[in-house]
Amino acid sequence: MRAFLLACVGVLAVAFGAYALLEGVLARNAGTEFAVKGSTRVSEADKVDPRGYLSSVHEPAGGVSSGRDGGRAVGGPAKDRGRPAEATEGKR
Amino acid sequence: MTRTILLALLLLLGLAAAPFDVAPPAFAQSSNEATDRGVHPNPSRNPSATDEELMRVLGQERLPPDRVQGNVYLPDRKLGVLIQPQGRTWRDFRVTGTRWIHGILLGLAVLAVILLAVLRGRDRYRTDPEGRRILRFRAVDRFVHWMTAVSFILLALTGLNFVFGRTLLQPWMGDGAFSAMSLWGLSVHNAVGFAFLLGILAMAVMWVQDNLFHRVDWVWFRSGALFRKVHAPAEKFNAGQKLIYWGAVLGGLALGVTGVLMMLPISTVGVNGMQWLQGVHTVLAGLMIALIIGHIYLGTWGVEGSFEAMSRGDVDLHWARTHHPLWVEDAYGRRRPDGRFEPAE
Amino acid sequence: MARVKFLCDAERCIECNACVTICKNEHEVPWGINRRRVVTLRDGLPGERSVSMACMHCTDAPCASVCPVDCFLQTSDGVVLHSKELCIGCGYCFYACPFGAPQYPKATNFSSRGKMDKCTYCAGGPDNVNTPESYVMYGRNRLAEGKLPLCAEVCSTKALLAGDGEIIATIYRERVLRRGYGSEAWGWSTAYRDSPTAVGGKNSVFPEDRRTESGRQA
C-alpha cells in the first residue's frame, strides 16, 4: 500500500518538476524565437542563389543573352556569387 | 478612262467580297457585360486558354502532390511553406481513422476480457495450508510499477479526451467547462508523460533479465495456457506476461519519444513530421490501452492471488508453485519428492 | 448572402509586403505572429512568382473539423472565426491547414502553444462586436462596419482581391482574358469546395445568428 501512495506522490512530483522546468526555463516565446536578430532580416544561406543583380530579366535557356554564364540554365556559375559585375562584363 | 473606272470598280468589288474582320477571332466571349464595361481581350497576345478552359482548370485545380515552399522575408521560416497537401490526409485520419481505430481496439479489448471472464472463469488455486509466503516484488519494483500504472491511467484518460471528448463530452458539458477541462488535460498529459517515461525506463532496466524468452515459453504458448485452464511451466514471468512486458516497454518508449518530440517547436521536425508523430502516437496509444485492459483484468480478478504480488509484495507459496514453478525452484532450490525444498546452493 | 473569399493574383504580386505590414499594424498582432505573409517561389530565377497567403476561410474548413474543443465557427458570409476563450493551443489546426494559416504565440508545446491566432477577414471575434476588449483579442472588426479586409484594400497592384467570391472571380477571369492564363489562383479550389456543414448545438457559446455554416460537427 505504501508503495502505491509513494508512487502517486512520485508521479505528482515528476509531473510538477517537468512542468516547472519546461514551462519555466525551456519554453520558447514566438516573439523572441522569431525576432529579428542583428541587422540582417534574412540569412543569405536561406535564399535561392540568383544569377546576379538583374537575374529576373535574364532570358531562359536559348534566349538572346543566354550563354553568358557558360550555358547553365539556372543558378549561374557557383563561383560568380558575390562578384556578378565581373562575370557579365567579362563575357559581353 | 474606262479602264481606270473598270479597275476602280473591280477594286471596290474585291474589297466588298473580302471578308471583314475588325479583330482576329481570339476566342469566344461568354459574357457581353464584360465588353460593355470596356474589357476587350487583347488580340495581339496569344492567350493560353479559353474562358471555358480557364473556368474548368480553376474548378479542377488539385492540391499539388507535394508541399510547395518558397522564400519568405520573415524570421519564421516555416511560413515559407505555401501549401502542404499532407494536411488533408492527416485531417481524414484524425477525424475518421483515429475514432475507428480507437473504437475497435477498445471494443475488442473489452470483448476479450468479457469472453475470458465468462468462458474461462476465475483462475483459482489452493492456498498453502501452512500459510507460507514467498517474496515476489521488492518495494522498489512495486513503486516503479505503480508510478507507471498511475501515470498510464492519467495519460490514457487525458489522451482519449482528445479523440472522443468533442463528440462524447462536449455536448453535455458545455463549451466553457469542456474547454477548461481539455486545457487542464493537455497540461497534465504533457507533464505526466515524463513520469510515465521514467517508470518505463526503470522497468526496462530492472526487469529485462526476467523477461527474456526461453524455450520453456514456447511450451507455454503451445499449451494454450492463455485461453485454457492449464498451468504450463513458467519462470518468474510466464510467456504471456513477457509479451505484455515487451509490448509495454517498447510501446511506452515509442509513445514517450513521439510525445516529447511533439512538444518541441514545429520548425524542429516540420509540419509533416508533426503529423507523422501524432499518427504514430495515437495508434500506439490505442494498442497500449487495449493491452493494459487485458493486463488489468488478469492482474486483478482474472488470476486469483496475483494482485497481492503488487500490493503486498509477497505471494502464497502454493500460488507461486502453481503459476511460476520454475521461479520457485530457482529461488528455493529443487523440490524433493516428499514436498520439501532442498537449499539452492 | 455573399460568400466572401480571397484571391491572390500571382501574376501581379510584386512582393511589396504592404498587406503583411498593414495587417500586423492594424490588428496589433501578437509578437512573432504574422497573419498574412508573402511567399516567393523560385526567388531570383526565371518564373519567379509571389503569392500573398493568409487564412483562405475555406468551405468545409479542415481546421474546424480537427479541433478537439470545437472552437471554430463559420459565419453566414463564409468567414472562418475561432474563439480564443475555448482554444487550448494544441496545434492540430496547423497540422490540418493546407495553407499554414494558424499561428501560435509559443513556439514550444510543453503545456500549450498558447491561443491560436489567424486572419479573421478583418471580422474580429466570434461575437461580432467592436469593443476594446475584442480588439485586444482579435483585432479590428471592419466587416461589422461594412468594410473589406485591409490587406486587399492596400494592395499596391490589386493582386490581392477580397470580397464577394463571385465578383472577385469575375475580376480575375477578365484579367486572364486580357493577358492570358499564366499562374494559377493559388489555393482557390482547395479552399472553396462545396461542402455544407452542420449547424451548432444548443450548448454553444456562439451567438445564434452567427452560426449558419459551422464546423461544429467533425
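Chain A contains three helices and zero strands. Here helices are DSSP runs of H or I with at least four residues, strands are runs of E with at least two, and both are numbered from the N terminus. Along the sequence, the pattern of chain A reads α-α-α. The model is predicted: local features need pLDDT of at least 70, side-chain atom pairs count only at pLDDT 80 or more, and totals for chains, interfaces and linings use all residues. Residues are numbered from 1 along each chain as its sequence is written, chains are lettered from A and ligands numbered from 1 in the order in which they are written, and side-chain values use heavy atoms, with hydrogens and water left out.

Chain A has 92 residues, of which 21% count as buried. Buried means under 20% relative accessible area, exposed means over 50%, and partly exposed lies in between (1.4 Å probe, protein chains only).

Over all chains, the structure holds 23 salt bridges. A salt bridge is a side-chain nitrogen of Lys or Arg within 4 Å of a carboxyl oxygen of Asp or Glu. In chain B, one such pair joins B:Glu130 to B:Arg132, with the closest N and O atoms 3.7 Å apart. B:Glu130 is exposed, at 62% relative accessibility. B:Arg132 is partly exposed, at 31%. Chain B also holds a network of salt bridges, which links B:Arg133, B:Glu308, B:Arg312 and B:Asp314.

Two salt bridges of chain C were examined in turn. C:Arg49 pairs with C:Glu11, and their closest N and O atoms lie 3.6 Å apart. This pair links distant parts of the chain, 38 residues apart. C:Arg49 belongs to strand β3 (residues 49–53), whereas C:Glu11 sits in the loop between β1 (4–8) and α1 (18–26). Both partners are partly exposed: C:Arg49 has a relative accessible area of 27%, and C:Glu11 reaches 32%.

C:Arg140 forms a salt bridge with C:Glu26, the closest N and O atoms being 2.5 Å apart. C:Arg140 lies in the loop between α4 (132–138) and α5 (150–154) of chain C, and C:Glu26 lies in helix α1, so the pair ties together parts 114 residues apart in sequence. C:Arg140 is partly exposed, with a relative accessible area of 32%. C:Glu26, by contrast, is buried, at 18%.
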